[in-house]
Amino acid sequence: MPRRLSRSSLLSRTSRRHFLQGSAATMAVMGLSNCRRTIGETEPEPADSSTASAEASGALHIYTWADYTDDELAAQFTEATGIDVKIDVYDSNETMLAKMQAGGGANYSLIYPSDYMVTEMIGLDMLAKLDKSRLIGLDKIREKWKSPVYDPENSHSIPYSWGTTGLLYNSEILTTPPTDWNYLWDNSDVLSRKMTLLDDVRETMGAVLSSLGYSYNATDPTELEEAYQKLLDLKPNLASFKSFGWQDELLSGDLLLSMVYSVEGIPVSLENPTFKYVIPESGSSVWTDTMVIPTSAPNVDAAYEWINFNLQPKVSQETVERLFFATPNGEAMTMLSQELLDNKNLFPPEDLLAKCEGIAPVGEANALYDEYWTKVTSA
Amino acid sequence: MKNSGFDRIKAEQKPKKLLALVVNWLQAIFDLIWRWLSNLARPIGLLGPAGIWLLLLMVLPMLLITELSLVPGLKPGQPIAGYGLLNYLRILEPTYLQVLQRSATFATGTTLLCLLLGFPVAYWLALMAPKRWRNLLLVLFILPLWTSSLLRTYAWITLLRSSGVINLVLGALGLPTQSLMNTPWAVYIGMTYSFLPYMVLILYASLERLDLKLLEAAADLGANPQIAFWRVTVPQTLPGIAAGCLLVFVTSLGDFVVPTLLGGPSSMTISRLIYNQFLGVARNWGFGSALSMVLILMVSLAIALLLKYGDRNPEIYS
Amino acid sequence: MAQTISPPMVDTAAALDVELRDVIKAFGEDIAVQGLNLKIRQGEFFSILGPSGCGKTTTLRMIAGFETLTSGELTIQGKSMNGIPAHRRSVNTVFQSYALFNHMSVWDNVAFGLKIRKIPKSDLRQRVGEALTLVQMESFAKRYPNQLSGGQRQRVALARALVNRPAVMLLDEPLGALDLKLRKQMQVELSNLHQRLGITFIMVTHDQEEALSLSDRIAVMKDGRIEQVGSPNEIYEHPATAFVADFIGDTNLLSGQFLAAETCPLLATESGLQVSLPPTDHNDITDIDVSIRPEKIHLSTQTDAKKPANHNNCYPGEVKHILYTGPHIHCIIELATGEQLRVLQPNHMRYQPGESVYVSWAAVDCQVLVAHNPPS
């Protein structure tokens with residue numbers, strides 16, 4: 001799942017709004033419950049949450065994104081293993097992290113952090129090291145995800161879904177289709193005030209870095225400076241930085257091109273052939289969402305059951321067909337319908353995929369990214 | 001031996017007397033404490049719950065944020081290394097000052113627009129609308145507040161975009177079209193629309209209590225309606241005006257959904273900046289806390305200023 | 001029926017400050033003022049008196065300009081006020097609730113009207129100072145209305161109106177909110193002010209004593225109509241209707257049939273009482289009311305059986321109640337025929353309830369009033 005978004009459901013956007021508004025309250029609660037000298041140094045306190053304690057009934061509590069599980073999946077699991085499943089949802093990694101750190105997630109045996117969040121949570125000692133001997137079907141994972149940069153050897157996480165970032169454009173008006181990031185700069189007269197970029201510093205800066213031939217995860221200040229300047233050059237022609245809310249304008253023709261996440265771009269392109277989703281040639285970002293077992297998990301056995309269940313190719317294939325995200329499960333892929341497989345956007349070719357980078361933490365350079373971003377969105 | 005009986009009794013009584021003395025003394029003290037507590041009990045009982053609420057959810061977090069703001073470059077998970085004013089000094093950089101200034105401009109502009117638009121509406125509602133319809137009209141005006149503000153902002157996208165409803169109507173009438181979408185003007189429109197009902201409600205409450213006899217007296221003394229308005233109505237409703245402005249200013253200062261959705265690429269506001277520090281890539285809680293303190297300061301200044309106007313010569317108002 | 005009873009000396013050449021002709025004011029279905037005719041002379045202290053809801057305040061508001069006329073004409077100093085709003089009339093009002101601007105100081109309140117008319121600063125200062133001195137509020141200039149007592153506020157309201165030197169001063173129950181002592185004091189002050197300034201004062205009140213003591217002329221109103229207009233003496237001594245007689249001061253009302261006899265007309269009540277009446281030209285009336293003021297009735301006891309010579313009405317009666325009011329005592333005497341009369345006596349007299357007495361009064365003190373049978 002990309003940084004802050006879930007699928008196209010408006011509901012999740014509303015809840016995101018409430019999250020944005022409620023972050024102050026969250027901070028307060030976080031601050032209070034972590035009222036010690038070192039902030040963030042927590043042992044997840046056993047909180048008595050309203051939901052029933054899991055161990056006693058043997059139920060499995062899952063904390064996940066809104067569109068990754070549905071009732072059918074849960075029902076299938078219960079039928080197969082006899083374990084009850086309770087699902088809670090969140091719409092951003094930060095929300096999930098906040099809840100876990102505050103102790104409110106003591107019930108959850110399984111959570112779904114995104115790639116960068118996995119690295120962070122490993123650093124915070126919140127994730128249990130996975131006992132590979134208990135896992136079945138790990139070999140079916142595609143090569144690219146066998147040892148991802150965010151969690152080498154998948155020692156703490158199992159990749160579950162992935163997607164890319166790309167350009168969604170109006171193919172009727174843009175008769176020369178975009179193939180790469182530089183299209184935006186080369187065609188800024190046509191696109192003037194009719195294109196949007198993602199309101200996400202790492203994605204947008206990363207895209208510009210990629211267009212300059214640098215890595216998405218660059219830390220060299222000169223490279224970042226160059227990217228910043230290039231972005232500034234483009235800015236007068238930008239309509240806005242929007243991660244959501246571009247649909248109306250794009251569909252009506254007021255916008256010609258938007259940088260979007262695949263989970264939102266691909267459905268639009270499938271519903272309306274006028275709009276096409278393309279992954280730039282020089283490489284875009286690829287994100288991965290994973291399954292992890294928190295160290296505070298009450299029902300570790302059930303968690304392993306769930307992971308194994310989802311690793312089954314058949315299950316993976318059915319879920320993909322129902323819920324429509326890309327799976328890293330190689331064998332499941334072979335079982336998918338040809339139509340889905342042919343969808344180059346959903347499953348881009350290997351060579352293009354190789355050029356896509358996962359967004360990794362950049363350590364000290366974070367401050368620089370933030371500063372440039374503030375400058376770009378403020379000047 | 002003669003006094004042995006007495007001696008014995010006396011000897012027995014001595015400790016008893018001593019005991020009695022001590023007991024009396026203790027009783028007196030307890031009584032005093034009890035009375036002191038009882039005197040406190042009522043105010044504590046009444047203020048207690050609110051006081052605890054304020055303490056836990058306002059005072060303590062503010063103290064925490066103040067502490068964090070004094071730690072330069074504090075990251076979550078790091079121990080506190082040392083204190084310093086670096087975070088605050090950083091705010092003085094032009095990049096960040098610009099963000100502050102933008103937020104203040106948006107908030108001030110929205111407040112003024114709400115006042116200019118809201119006062120006539122509230123005036124009409126309170127003093128000119130037929131009494132029967134007054135409540136209904138008021139409800140109708142407040143109705144938008146019942147919908148999600150995010151949805152309302154989305155609606156403005158549909159209205160304002162180049163091929164949107166407004167331009168369709170303008171085009172049909174042969175008038176020049178507008179291109180306000182993704183500009184600061186769209187932000188003003190969106191925020192004014194969002195907060196206008198609050199302003200109208202507060203002004204309505206103030207205008208409703210206006211003593212109409214004062215307006216008659218003004219007319220009697222030779223004031224035409226305009227003069228009566230500026231010299232009587234406005235000063236009389238000044239507390240309401242101040243309260244309305246305060247509410248709109250403070251809420252619009254903290255709003256960042258409207259600038260994000262309707263504003264253009266340069267729409268970074270202070271609340272968004274704070275958000276980025278805490279939950280974005282920066283993870284610089286020290287800087288974020290310093291920014292929060294500055295935001296609190298801006299709000300406090302606004303409160304102080306507007307309260308001064310709203311509460312002028314309190315003893316002159318009955 | 002609207003009765004315009006002119007005073008004995010009709011001076012048609014006297015300048016009229018305010019004139020109302022056939023004025024009607026209706027609020028929707030409710031007719032507050034019906035066919036009003038009023039002529040108020042320049043410089044006089046004119047009161048409009050009546051019970052609540054009789055339309056007196058509405059009339060005043062129409063003169064001020066706060067209400068429009070449904071029909072009829074209103075002229076001030078000869079100029080028609082049709083279409084002229086309140087802020088352009090040379091009329092100033094003292095409101096019942098004073099309506100002081102509580103966000104301004106006393107000084108600013110009084111200066112308000114002058115500032116609007118852009119009176120030059122030096123003149124303004126002088127006039128405001130004068131006005132405040134006139135009402136003895138000079139030392140309160142910097143205070144705010146909420147720091148003043150009721151009486152002080154009333155004086156500020158007066159000053160605020162007077163400073164503009166209006167042609168006509170309107171006062172809407174100005175003393176209603178004050179306690180008795182203060183009211184009496186203010187009545188004297190009002191009277192003094194009026195004499196000093198010579199402006200026409202039109203006062204609306206429901207306090208008949210106030211109206212009687214202050215006014216040059218009074219209009220008594222009831223249900224939107226004028227019952228009588230006249231000087232206080234006329235209104236009191238010669239009330240035109242039973243309502244006026246009863247409303248003004250105390251009175252004894254007897255009703256019955258009019259009998260024209262050789263010597264003098266008579267009132268014959270149902271109970272058998274016969275009262276001698278003064279001579280009158282109107283012999284065609286049948287049902288009448290007779291009003292006798294309590295102070296006109298003489299009381300004689302068995303021991304002191306003296307009565308004035310001209311008291312041709314003399315009847316025996318019994319003392320029922322004695323009411324001590326301070327300066328007088330009111331005796332309620334019940335006649336043999338059952339009527340109860342109120343008699344005024346000096347406070348040193350002593351009567352016992354149940355005592356047999358004689359009441360007597362002169363025929364000429366009987367005020368004959370035509371009995372009204374208002375259409376139902």
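Helix axes are lines fitted to C-alpha atoms over the stretch in contact, and the angle between two axes runs from 0 to 180 degrees between N-to-C directions. The model here is predicted.

Two packed helices are described by the angle between their axes and the distance between the axes. Take helix 2 (residues 106–116) and helix 3 (residues 121–134) of chain C. Their axes lie 10 Å apart, at an angle of about 125°. Angles from 65 to 115 degrees count as roughly perpendicular, and those over 145 as roughly antiparallel. Helix 2 and helix 3 of chain C are therefore oblique to each other. Their crossing is right-handed.

Which residues make the contact? Helix 2 of chain C supplies C:V106, C:W107, C:V110, C:A111, C:L114 and C:K115. Helix 3 of chain C supplies C:L124, C:R125, C:R127, C:V128, C:G129, C:A131 and C:L132. Sorted by class, the contact has nine nonpolar, three charged and one polar residues.

## A five-stranded sheet

Chain C has an open sheet of five strands. The order is 15-19-16-17-18, and the pairing is antiparallel. Strand 15 (298–301) and strand 18 (340–346) of chain C stand at the edges. Each has a single partner strand, so one side of each is left without a neighbour in the sheet. Neighbouring strands of this sheet are turned by 45° against each other on average, direction ignored.

Look at one pair inside this sheet. Strand 16 (residues 313–324) and strand 17 (residues 328–335) of chain C run antiparallel and are joined by seven bridges. C:I322 has C:C331, in strand 17 of chain C, as its bridge partner.

## A six-stranded sheet

Another open sheet of chain C has six strands, in the order 6-7-8-3-9-10. Its pairing is mixed. Which strands stand at the edges? They are strand 6 (91–94) and strand 10 (225–230) of chain C. Each has a single partner strand, so one side of each lacks a neighbour in the sheet. On average, neighbouring strands here are turned by 20° against each other, direction ignored.

Strand 3 (residues 45–49) and strand 8 (residues 200–205) of chain C run parallel, with five bridges between them. The bridge partner of C:F45 is C:F201, in strand 8 of chain C.

## One proline in chain A

A:P361 sits in the loop between strand 10 (357–358) and helix 17 (365–378) of chain A. Its relative accessibility is 48%, so A:P361 counts as partly exposed; the exposed class starts over 50%.

What does A:P361 touch, leaving aside residues up to four places away in sequence? It touches A:T119 and A:R202. A:P361 and A:N217 are 144 residues apart in sequence, yet 7.5 Å apart in space, C-alpha to C-alpha.

Terms used: Residues are numbered from 1 along each chain as its sequence is written. Chains are lettered from A and ligands numbered from 1 in the order in which they are written. This is a predicted model: local features need pLDDT of at least 70, side-chain atom pairs count only at pLDDT 80 or more; totals for chains, interfaces and linings use all residues. Side-chain values use heavy atoms; hydrogens and water are left out. Helices (H or I, at least four residues) and strands (E, at least two) are DSSP runs, numbered from the N terminus. Buried means under 20% relative accessible area, exposed over 50%, partly exposed in between (1.4 Å probe, protein chains only). Contact means heavy atoms within 4.5 Å. Angles under 35 degrees count as roughly parallel, over 145 as roughly antiparallel, 65 to 115 as roughly perpendicular and the rest as oblique. A crossing is left-handed if the near helix is turned anticlockwise from the far one by less than a right angle, and right-handed if clockwise. Ala, Val, Leu, Ile, Met, Phe, Trp, Tyr, Cys and Pro count as nonpolar, Asp, Glu, Lys and Arg as charged, and the others, Gly among them, as polar. Two strands pair if DSSP finds at least two bridges between them.
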